[in-house]
Amino acid sequence: MSNTTTQTDATDTSQNIVQMNQIPADASVRAESPLYHADLKTVAEQGTQDAGIVLQELALLDHLVLRGSVDNAAFTTGVESALGMVLPANLQSAEHEGRVIRWISPDEWLVTTAGGMGFELEQQLREAMGETHFAIVNVSGGQTVITVEGADAEEMLKKCTPYDIHISHMPVGKVVTSLFGKSQAVIRRTGEQGFELVIRRSFADYCWLWLQDASGEFGFSVKES
Amino acid sequence: MFYIYCPYCEEHREEEEFHAAGEAHIPRPLDPDACTDEEWGEYLFFRTNPRGLHHELWVHGVGCRKYFNITRDTQTYEIKETYKIGTKPQFTRAEENA
Amino acid sequence: MTQINRLPSGGRIDRAQSISFSYNGKTYTGMQGDTVASALLANGVDIVGRSFKYSRPRGIMAAGAEEPNALLQLGATEATQTPNVRATQQDLFEGLVASATNGWPNADNDMMSLVGKLGGRAMPPGFYYKTFMYPQSMWETYEKFIRKAAGFGRSSLESDVDIYDNINQHADVLIVGGGPAGLSAALAAAQSGARVILADEQSEFGGSLLHSSAQINMLPAADWVKDTVAELSTYDNVILLPRSTVNGYHDHNFLTIHERCSDHLGDRSPLGKVRQRMHRIRAKWVVLATGAHERPLVFANNDLPGVMLASAVSTYVRRYAVAPGSKLVLMTTNDYAYQSAFDWADAGREVVAIVDTRTNPDSECVFVAKSRGIKVITGTAVIEAKGSKRVTGAMIAPLNETGDQLTGDAQLLECDLIASSGGWSPAIHLSCHTGSRPVWSDEAVGFLPGDTIQKQLTAGAVNGSYSLDACLKEGTEQGLAAARNAGFEVEDVVMPVSAPVSEGKPMALFHIPHSKATSRAPKQFVDFQNDVTAAAIELATREGFESIEHVKRYTAMGFGTDQGKTGNINGMAIAAKSMDKSIPETGTTIFRPNYTPVTFGAIVGRNCGDLFDPERYTAIHRWHIENGAKFEDVGQWKRPWYYPKSGESMQDTLNRECKATRESVGLLDASTLGKIDIQGKDAREFLGRVYTNAWAKLAVGKCRYGLMCGEDGMVFDDGVTACLGENHFLMTTTTGGAARVLSWLEIYHQTEWPEMEVYFNSVTDHWSTATISGPNARKVMEKLTSDIDLDGEAFKFMDWRSGTVAGVPARVFRISFTGELSYEVNVQANYGMAVWEAIMEAGAEFNITPYGTETMHVLRAEKGFIIVGQDTDGSVHPYDLDHGWAVANQKPFSFIGKRGMARADCVRPNRKQLVGLKPKDPEAVIPEGAQAVNDPEQAIPMEMLGHVTSSYYSANLGHSIAMGMIKNGLNRMGESVFYPLADGRVIEAEICSPVFYDPKGERQRV
C-alpha cells in the first residue's frame, strides 16, 4: 500500500496497523510521569519512620494493551512465544523477566515492561502473531503504576476499593479492575503485604491524594521511583 | 446495593462497578429501513415494566467492560441469574413462555 | 455539684476517674464509664428537654438507643457542633460540652411552656396539614418558627475539623448485637474459621448482661462477657466493633455500620485519628441478635420526669451505680420487670410497690418479691403520674382481667420514680429494612421478623425469645448455622448455659384506662418525640384514618429521630382497639434505614474537600497553573478557561486571545478530547455503521469529521477520525462524551455485531495534544520539525502525518476547530510538557498566545462549528443542524440514526433549526437560553421559536454573534426575530448563516 508518511518510526505492518515508536531518540528530552508534579523525591526524603504503608510510583514503564481471543491459537501461541508466558486466565497475572501480564477482560490483557522496551515488544508480538485478529495498543503515556506495601497496606486499601482484598479471596497474583475512591484502578496483589495499582494518568493526582489521605492514620513513607 | 455475579469475571462484584443498560433481548431490526413507523417505534421506545422477573442488560463498566444479562425480580430485587450475551435465561415469567 | 444519686458502691464505672463536663451552661461531675445520661441522673438533673408541641418538661426515660427525650447538642466549639446525640449513648469525657436539643431557650425554664398549656387545642393531630399548608406561600414563614420551636438541634456553621472515614468490609458472618445471643453466636462462628464481624452499638459488649444479676456457666454474667470477648479477640478471623451501630440492612446482604471511633475521647478526635467511620459490609450471612426494646405503658402524665422504663432503672442502678430517685413504684405486665424492683431494693432504696396489671400472676417472681417483703399489688395499674416537674406520686386503680376497664376507685401512692414495663418489642428494624413484613406473635406480645429473601438468621430477643437461656442457645445455634451456610464447619461447640427460670404468662396491655375518657384525661403519651397522645390516635381513627400508615402520617407518630422505638407498637395497639380490630389486622408500619441518626461526616467519609470528586488533569496542567489560567470544569476535567494577564477583565482576555489566534498564532491544550484507537479488518465498516457519513473511501493519511446519532436519529457526539492504516483508525470524541462513545461502540459490538473483527481501546490519557492555530502556525511548526513536509500541497488540510516535533515522535493532524491553519500535535503524554514548552519557545517570536476553552468557543462560533451538548440537546438531528452534508443515506448498511431520522416527526416542516443570529445592536450579547419570538408585542403566551445556544462578543468581527434554534430557521434567512429578556430589554437579531467568519474556509486550507 502507498506509504503516505515519511517517518520511519511509523511502520505499516502486515496487519495494516500503524505502529509507532513514541519514545524520543534524544534521551535528554524530559519525560514527566503522571505523578511528576507531586515531587515524590522530596516527599521520599521526608518519610515517616516505621511507616505502616510504603508507596512507590513505578514511573515511565511501557504499557501495552493486548486484545485477542483465547479461542484463537495464533493469538495465544503468538503471545506465549513473544512473552515467554502463557496468557493468564481470569483475574490472574504472570511475571517473567521483568515483564508483567495482567488479565483485564476475557479478550484483554495489560503488559508492562521496562520503559523504552514497549516498541520492540510490540514488534515481536506482531511478528509472532501474523495476520490473525488481534490488537495491540501502546498506552504508556496514559497510565502509571503505584506499589502499596506494608503491614497496614490491606487495611488502608479497604478504604479505597469495595473489592474484597482479603488474602483468602485475593491471593498473590490475583488482579482485578475495580473502583478506587471515585476513580478506578487495576489492583494486583504482589505479596502478603504488597499490592500494585495501575491508574490512569488524568486521575493520578486524585488517586495519589486519596492514598496519602487514607494512609495518614497509619503513617506512610514514599520510596523514590 | 446489589451484589452481581459477572459471568465473564466469574465472581461477584459490587453494584458500583456496573451500570444498567436497559431491558435485555431487544435486538436491532435487521433491516431498519423496512420497518414501519410502528415497528420502529416499538423497537425504539417501548419497554416492558414487569412485576416479577425481568431481563436486563448490564455492563461491568468498572471491571471487564463486558455487557451481559441479568434476570432480576423487580419486587424482591433478587437476582436469579446472570448470563452472557447470546445465551438464553433459565428463569422466565410465565407469560414469556406462552 | 454533688452526685446525689450516685450509689456508694457497685457499677462498671471507674470511681477513681472523676470527669468534669458542662450541660446547659452548668458544670457537673461524673465518672469514667458514665454516659451523659447516667451522669445527669447521678447529679439529680430531672429535666433534659421540652417536648415538641406542648413544651412539657421531659426527663430521661431509657438507657439506650430508644431514648426519645434526652437529645443533646454536643460540641465545645462551633466546628465540633453535633446535633441529635442521645445522652444515653454518649460516653462522658473530660471537658464535654452539651446542651439540651429540645427546649428553646432552655429546658428548665421554657418560654414555650405557655404555648404548651394551650397546646391541647392549638395543636391537634394533623395540625400542620390543616393549618400551615394554606396558604402555601406562608409555609416558609411558619416552617422557620416550627423548626425552631421543634428544636431538633443545629449543624455547625464551620467546617468539621475531624477526619471521617468509609471502609469496605467483607464477612462470612456478620453478627448484629453483642448481647448474650450475639456473643454466643460470635463464639460459635469464630471457631469455624469463618470471617466474622461482631458489631454492637454500646461502648462495651454484653448488652443486657452488663446489668444482669444472672449467671452463665456458673459465673456472674459480666464475667462470662469478659472471658468471651477476650477469647474472641484472640481470633484473627474476627473483627470486633464496639460503639458501632448497624444502621441499615440493604439489598443482597449489604449493611452499613456507623462506628464512633473517638466520640468518647474528646471534643475533637486525637490528631490524625478518625472520629467516625462508616463500614460498608457485604456479608455472606447475617445473624440479627438485636435484642428487644422495653415497651413503656401508656398512662396519664406518663411523660413526667421520673417516669422510666423498668429495664432502664436496672441499667442505671447496676451498670452505672445511679439510683434516679428514692421511692419506686413499678408497674408491669410481665415477670421480667420484677428484677428492676429487686435491683432497686438491693441498692438500698425503697420499693413502694410492684403494681402488676395481671389479675392472678402465679409466677415465681411474685413469691420472690413477697418473700423479700416487697408489696405486690395485682390486678391494678398506675393510671396517672402526679407532679409538675417531677413525679411526686402514682395514682393506682384496680383493673379488669382484660385491662380495658377500671373496676374501682383510684388511690395515691407517694413516690418519686415510676418504672413501667409493657413487655418487650423485638428490635426488628434491620429485618424491616430488607422489605420483610413483621409478623405479630401473641406469645411474645410483639412483632417478630417476617420471611425474607436475605441470607439472614435471627437469634434471641429479636425472635421473641426473651429468657437468657434461650438467647444463649439460639445464639450458638444460629452462629453455627450461619458459618455452615457460608461454607464453614465446626465440630464441637460448647454451648454457654444459664439456669432456666420458670415464667408466668405476660399480659398484652398497652394503654391503661383512666377514670376519665381518653380525650378528657390528662395526656397519655405514645410518641414522646412528636408529642403524639393516645387521644390523638383515637381522634385520627374517628376522623376516618384506617390504614396504620395513614394514622402514622396524620399524627406524626414514629417520625421523630427515634423512629418510634418506644411508641409505635403502643400506637398501633391503640389504633387497633379504637377501630375494634386486632393488632395483626391493623398491621404495623415499617422501619426504614437508618436505625439511629448518622452524621453526614460518617456518610461522606473522605469524599470531601480536595477528594470530593476526582479532578482530571492533563499532562500540561502544572504549566496552566503557573501561567495563571482560570479553569473550567468539563466533566471531571479541569480545562484552562482563559489566561488573564494582570489588570485584564475576562472580556479583555478573550479579545486578546481571539485576536492573537486570528492574527498570528495561538496554542490550546486539547488533550481532554476523547481518543479511541480502533483496530481490525472491520474497523472501517464499523465506523460506517456508527457515523452518519461515509468512511469507505477515507485514505490512509486522511482525517474526516463525523456525526454520531442515536437510533432516534438525534445527534449525540461528533469528532474527527483519522485513518492511520487500512485497518487502523483513531477516533476523537467530545471531552464530555468520551466514555459514552466508547460504551456505545462496545454495546453495538458486543450485543449486535459480535462477528465484526474490531477492537476499541481508549487512548485519551495516552496522547497529549497541543493545537497550534493561526496564520503563523506553519512558521512555528517549521522551527520544531525537520522530518515532516509542511508544504501546503504535501500536507493538506484534513491530512495527518507522523514525524518528530521538538525531538519527540508525534502524530500531527491538520484539522481545525478555529477555522485557522492548525496543527494538532499529539505526543506520548509523558513528553507532552516538554513539547508544549518547546512550542511556546518556538512561537515566542510570533507572540504565540495560549488560549482556553472560552476563546476556543468564540473562535469556533465565528466559524459556525457546533458543540454537541451546547448547540444540540438530544432533540436535534443532522438536518436540523444543516449538516445534511454529513449524512450518507446511500450507504448500504442502515447506519445508526438513519431510520430514526426518517420518522414522520423528523421530516415534518417547521422543525427548529440551527441558524446564525446577528444582533442589530453590535454590542448586545443575547443571553444563552433566551427564547426567540416573532412579535415582542404579542399577548402572552407568545409563540416561542427556539432558544439561543451559543452567544459571544466577537472581537475579530467587532460585533456580537450567536447561534440558536429557530422554527423553520433555515428558510428564514435575513428575517428578524426578537429576544425579550427578563429585564425588559428586547434584542432584535437577524437570522443568518452561522458561518460569520471566512465563509469559504480559505484560512484553514492555506
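Guide: A disulfide is a pair of cysteine sulfur atoms within 2.5 Å. By this rule the count over all chains of this predicted model comes to 0 disulfides.

Visitor: How do you know that Cys9(B) is in no disulfide?

Guide: The nearest cysteine sulfur belongs to Cys64(B) and is 3.9 Å away. The cut-off is 2.5 Å, so the pair does not count as a disulfide.

Visitor: What puts Cys471(C) in no disulfide?

Guide: For Cys471(C), the nearest cysteine sulfur is that of Cys365(C), 17 Å away. The limit is 2.5 Å, so Cys471(C) is left without a disulfide.

Visitor: Why is Cys9(B) called buried?

Guide: Its relative accessible area is 3%. Buried means under 20%, therefore Cys9(B) is buried. Cys471(C), at 7% relative accessibility, counts as buried by that cut-off too.

Visitor: What makes Asp213(A) and Arg606(C) a salt bridge?

Guide: Their closest N and O atoms are 2.7 Å apart. A salt bridge needs a side-chain nitrogen of Lys or Arg within 4 Å of a carboxyl oxygen of Asp or Glu, so the pair qualifies. Between chain A and chain C the count is 7 salt bridges.

Visitor: Which element gives the largest share of the side of chain A that touches chain C?

Guide: That is α5(A), with 6 residues. The contact takes 66 residues from chain A and 68 residues from chain C.

Visitor: How much area do chain A and chain C bury between them?

Guide: About 5500 Å², with 53% of it on carbon and sulfur atoms.

Technical notes: Residues are numbered from 1 along each chain as its sequence is written. Chains are lettered from A and ligands numbered from 1 in the order in which they are written. This is a predicted model: local features need pLDDT of at least 70, side-chain atom pairs count only at pLDDT 80 or more; totals for chains, interfaces and linings use all residues. Side-chain values use heavy atoms; hydrogens and water are left out. Contact means heavy atoms within 4.5 Å. Buried area is the accessible area (1.4 Å probe) that two parts lose on being put together, summed over both. Helices (H or I, at least four residues) and strands (E, at least two) are DSSP runs, numbered from the N terminus. Buried means under 20% relative accessible area, exposed over 50%, partly exposed in between (1.4 Å probe, protein chains only).
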